[in-house]
Amino acid sequence: MFSSIGKLSIRLTWQIPLLVAFLAILAGAATARSAAAAELLMLERPGCSWCKRFNEEIAPAYAKTDEGRRAPLRRVDVTRPWPTDLAAIARERLTPTFVLVEKGVEVGRLRGYPGDEFFWMLLADMLAKLPQTTTSGVSETQGQPR
């Protein structure tokens, strides 16, 4: 009986620090996502033909672009419950709709998918409203005021 208790305490000795480390990693990942300066929400729904077109023309390369690194794409299915961290963002019925969000605040919105050329141009206009980080690390707002 005592030998099994000893084995249990030995097992827990290394499992508890492992569990604490795992939880710290999860907490760090959540903090990193919330600390991200900006993200581009794609409000979509199953069966949306324009969403499908965006997925064929833009989505494969988006994350590899400067724009995609600056504002990573986050997909939100409008037929599912609205994410709690987006409570300040107005819901949309038209899909796809792209919403540029920075620190939980909407910066710009593009309703519909206008094709690949116009998408990049309109996205650039929205991104220009984001604060730019200077080489000193100080944030400056460029473009039109929000």
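This is a predicted model: local features need pLDDT of at least 70, side-chain atom pairs count only at pLDDT 80 or more; totals for chains, interfaces and linings use all residues.

Author: What follows goes through some of the salt bridges one by one. As background, side chains of opposite charge can pair when their charged atoms come close.

Arg53 is partly exposed, at 31% relative accessibility. Glu57 is also partly exposed, at 35% relative accessibility.

Another salt bridge pairs the side chains of Asp85 and Arg74, at 2.8 Å from N to O. Arg74 sits in strand E2 (73-77) and Asp85 in the loop between strand E2 and strand E3 (97-102), so this pair ties together parts that are eleven residues apart in sequence. Asp85 counts as partly exposed, with 48% relative accessibility, whereas Arg74 is buried, its relative accessible area being 12%.

The loop between E2 and E3 also holds Glu92. Glu92 forms a salt bridge with Arg111, and their closest N and O atoms are 3.1 Å apart. Since Arg111 lies in strand E4 (residues 105-111), the pair ties together parts that are 19 residues apart in sequence. Glu92 is buried, with a relative accessible area of 13%, while Arg111 is exposed, at 52%. This pair is part of a network: salt bridges that share partners join Glu92, Glu106, Arg109 and Arg111.

Notes. Residues are numbered from 1 along each chain as its sequence is written. Side-chain values use heavy atoms; hydrogens and water are left out. Buried means under 20% relative accessible area, exposed over 50%, partly exposed in between (1.4 Å probe, protein chains only). A salt bridge is a side-chain nitrogen of Lys or Arg within 4 Å of a carboxyl oxygen of Asp or Glu. Helices (H or I, at least four residues) and strands (E, at least two) are DSSP runs, numbered from the N terminus.
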